[in-house]
Amino acid sequence: SAGDGRVRPSHVAIDGEVVAWNQPYSNGLMFPGDPSGWAEEIINCRCDEHIRIDFITQARAEAGLPPEA
């Protein structure tokens, strides 16, 4: 979230949430401003999304190895 006093409580609740690729956040939306969301949630939303790709975990999974501890 933008981290100021104007952030909606529902956006504060999911700030920092981590989801797998192509999975919805706990509010049911796929990304900030997702047009499938309710207007009350997406109009003037100032949230952003950061994408992290974990190549090591992906390679281990493809090789049939467990994730690193």
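The largest pocket in this predicted model has a volume of about 830 Å³, where a pocket is an open set of points on a 1 Å grid over the protein atoms alone, with protein on both sides within 12 Å along at least five of seven lines, and where the volume is the space filled by probe spheres set on the points, joined across faces, edges and corners. By class, the lining has 15 nonpolar, 8 polar and 7 charged residues, with Ala, Val, Leu, Ile, Met, Phe, Trp, Tyr, Cys and Pro counted as nonpolar, Asp, Glu, Lys and Arg as charged, and the others, Gly among them, as polar. Helices H1 and H2 each supply at least two residues of that lining; helices here are DSSP runs of H or I with at least four residues, numbered from the N terminus.

A word on the basis of all this. Residues are numbered from 1 along each chain as its sequence is written, and side-chain values use heavy atoms, with hydrogens and water left out. Since the model is predicted, local features need pLDDT of at least 70 and side-chain atom pairs count only at pLDDT 80 or more, while totals for chains, interfaces and linings use all residues.

Trp-21, Ile-51, Ile-53 and Phe-55 make a nonpolar patch of about 560 Å², for which residues need over 30% relative accessible area and no salt bridge, and nonpolar side chains are joined within 5 Å. Trp-21 is found in the loop between helix H1 (9-14) and helix H2 (39-42), and is exposed because its relative accessible area is 70%, exposed meaning over 50%, buried under 20% and partly exposed in between, with a 1.4 Å probe and protein chains only.

In that loop between H1 and H2 we also have Asn-22, which is exposed at 59% relative accessibility and has a phi near 65°, a positive value in a residue other than glycine. Most residues other than glycine have a negative phi. Asn-44, in the loop between H2 and helix H3 (55-62), likewise has a positive phi, near 60°, and counts as exposed at 67%.

Finally, Val-12 lies in helix H1 and is partly exposed, at 47% relative accessibility; its C-alpha atom is separated by 15 Å from that of Leu-29, 17 residues apart along the chain.

Conventions. Patches are made of residues with over 30% relative accessible area and no salt bridge: like charges are joined within 9 Å, nonpolar side chains (Val, Leu, Ile, Met, Phe, Trp, Tyr) within 5 Å. Accessible areas come from the Shrake-Rupley method with a 1.4 Å probe; for residues, only the protein chains shown count as cover. A salt bridge is a side-chain nitrogen of Lys or Arg within 4 Å of a carboxyl oxygen of Asp or Glu. On a 1 Å grid over the protein atoms alone, a cavity is a set of points where a 1.4 Å probe fits but cannot get out, and a pocket is an open set with protein on both sides within 12 Å along at least five of seven lines; lining residues have an atom within 4 Å of a point.
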